[in-house]
Amino acid sequence: MTSVVASADRPAANAVPQQAKIAIEGVTKEFATETGGTFLALTEVNCAVADREFVSLVGPSGCGKTTLLEIVAGLQTPTRGRVLMDGEEIEGPGPDHVVIFQQYALFPWRTVAANVEFPMEVAGVGRAERRERALENLKMVGLDGFADHHIWQLSGGMQQRTALARGIACAPKVMLMDEPFSGADAITREILQDLLARLRTETRQTIIFVTHSVDEAIRLSDRILVMGTRPGRIVSTFDVTDDLRAHGDRVTELRDAIWSVLRKEIVPIIAEDDRRT
Amino acid sequence: MLQTDGRQTTGMHVGQTLDKARSRVWRPPFPGWKKPSGLLGVVLVSSLPIFSVFLLWEVVAQLNWVSASLLAPPSTALSVAVTYFTSGEIFPHLGSSLERGGIGLALAIAVGIPLGLIIGFVKSFSRALSPVIEFLRQLPPLAMLPVFLLFLGLGIRSQVAIVLWAALWPILLNTISGAQNVDVRLVKAARTLGAGRRHLFFKVALPSALPTTMTGIRLGASYAFLVLVAAEMIGADSGIGYLILNNQYIFKIPEMYAAILILAGFGIVLNYSLLWIEKVLIPWKGRG
Ligand SMILES: Nc1ncnc2c1ncn2[C@@H]1O[C@H](COP(=O)(O)OP(=O)(O)OP(=O)(O)O)[C@@H](O)[C@H]1O
Ligand SMILES: [Mg+2]
């Protein structure tokens, strides 16, 4: 997997579609504060995600991971900069860059299958076809036989599988995932990680994955972007390969390297908070 | 309301199992108390207080602690109530109360739900209309009766109008708040799944608002019920409310109490039917 090096000064016209699936160019996000000032949540974020690449974002809480992901999703607009998908600017949310949320966000009034059918339904796919495709998608996540269950009858892990199946049903160009497994217990989490890894090989999906867990990031990604805070930005990039994953010592080395970057980002926050209190 | 929904609200905890979600904690009212088992036990326990009230009423009336011209014993009232049914005398009154109440409530639902959804969904609407709604809802329905009588005359039309007025506000306001308080996460999810504004309205806001709307309907129905009885006493020549008051005018005291009992039964049936409808229509309520 070749990782594309992003730079802010690359003119937009050169953003050749085949090169980057997602190009984040100079994204800055400011929020208005209650006191009338502005809070800089993200500054000058540049990054390119190649087709079929699995990129993880890790970073301390509050560094802007969700904000960045929602900007890519089109749910928020950047104050400056832009995000391109296949060379075209993302202008709003849509099924080709669907988001999988931490809290599943399933519709409680719909059955499992009806939840998976939702994106096809709003896209105008006929009843029989979308049912058939929903069943296929449910099979992919190991939920065959649960199609007509109600959401509240499912465990948390099964709910997240349903959300995954619903995301796949969008046949997205890129799947954006915001800490999708952090609500799950350790065992469920492992199972869901395996499932995602398998789905990814099956669907050859491009994925941007936000996580708090360095181990999870190492396990799943091709590339890990470590974000720093105050203001939120990307501070380091690490490549991960299957070869590396096969060697326990190299994994430990990588984990230590990531943690040493993270520690540098966390310590100033703690010091600053201490000064405040 | 006569009975509140006792189901527990459970969040979407991860790993929440089927059994956990369904389990209900039962605490004894005092130590040593055993949980009533079986249908018979449940019926016994829940009917004990009401039975005591009837017993007290019976004793007070039978011992003539209160004059018979004021209070009839419940046994007499009940047997008169039964005769009301066997003779068929009650049906015209029940029928007209049901007709007025039913049409009024149906109209309130037909107006309140779509209007409430639109007002709640479109922010500029709710900002523009909320002062008007706040003002109108403050007008007590019975204060509006003279106005309705003036415009619509004595008869079914003004009775329906007052029921509509009473039931509309809780339905409308609950629907507005339901449509305004849609879970943002669901809206975000729907948008990333490709839902447009029309889909958000019909496939997210509408079902999201349904539980609160249903509470509004139950509230509206009980207001409508109260107001209808009062209105029938003032400006009608049939209906249960009319029957109660008329029996009092002509000193048919047992008949008056019989009519009151029938009214109470009517209210109970109404409430339980609405609870049942709610359960069928909104099975996900209170289950995250
Ligand atoms: N709508 C908003 N208005 C104002 N400030 C916001 C808003 N959304 C986020 N922020 C701020 O921006 C910063 C980044 O938030 P964000 O949710 O993106 O962090 P995060 O990295 O996802 O954190 P976590 O790991 O805890 O989920 C935080 O300091 C947060 O307080
Ligand atoms: Mg976050």
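This is a predicted model: local features need pLDDT of at least 70, side-chain atom pairs count only at pLDDT 80 or more; totals for chains, interfaces and linings use all residues.

Residues are numbered from 1 along each chain as its sequence is written, and chains are lettered from A and ligands numbered from 1 in the order in which they are written.

Which residues lie around ligand 1? Among them are Phe31(A), Phe39(A), Lys65(A), Thr66(A) and Gly232(A), a residue being near if its C-beta atom, placed from the backbone, lies within 6 Å. The largest share, three residues, comes from α1(A); helices are DSSP runs of H or I, at least four residues, and strands of E, at least two, numbered from the N terminus.

In chain B, helix α8 (residues 184–192) has Leu186(B), Ala189(B), Ala190(B), Arg191(B) and Thr192(B) buried, that is, with 20 or more other C-beta atoms within 10 Å of their own. These buried residues pack against α1 and β6 of chain A and α9 of chain B, with contact meaning C-beta atoms, placed from the backbone, within 7 Å. After α8(B) comes Gly194(B), with a positive phi near 105°.

Finally, α4 (residues 90–121) and α9 (residues 197–235) of chain B pack at about 145°, their axes 8 Å apart; axes are lines fitted to C-alpha atoms over the stretch in contact, and angles run from 0 to 180 degrees between N-to-C directions. Contributors to this contact include Gly104(B) of α4(B) and Ala209(B) of α9(B).

How values were computed
Two residues are in contact if their C-beta atoms, placed from the backbone, lie within 7 Å. A residue is buried if 20 or more other C-beta atoms lie within 10 Å of its own, exposed if 12 or fewer, and partly exposed in between; C-beta atoms are placed from the backbone.
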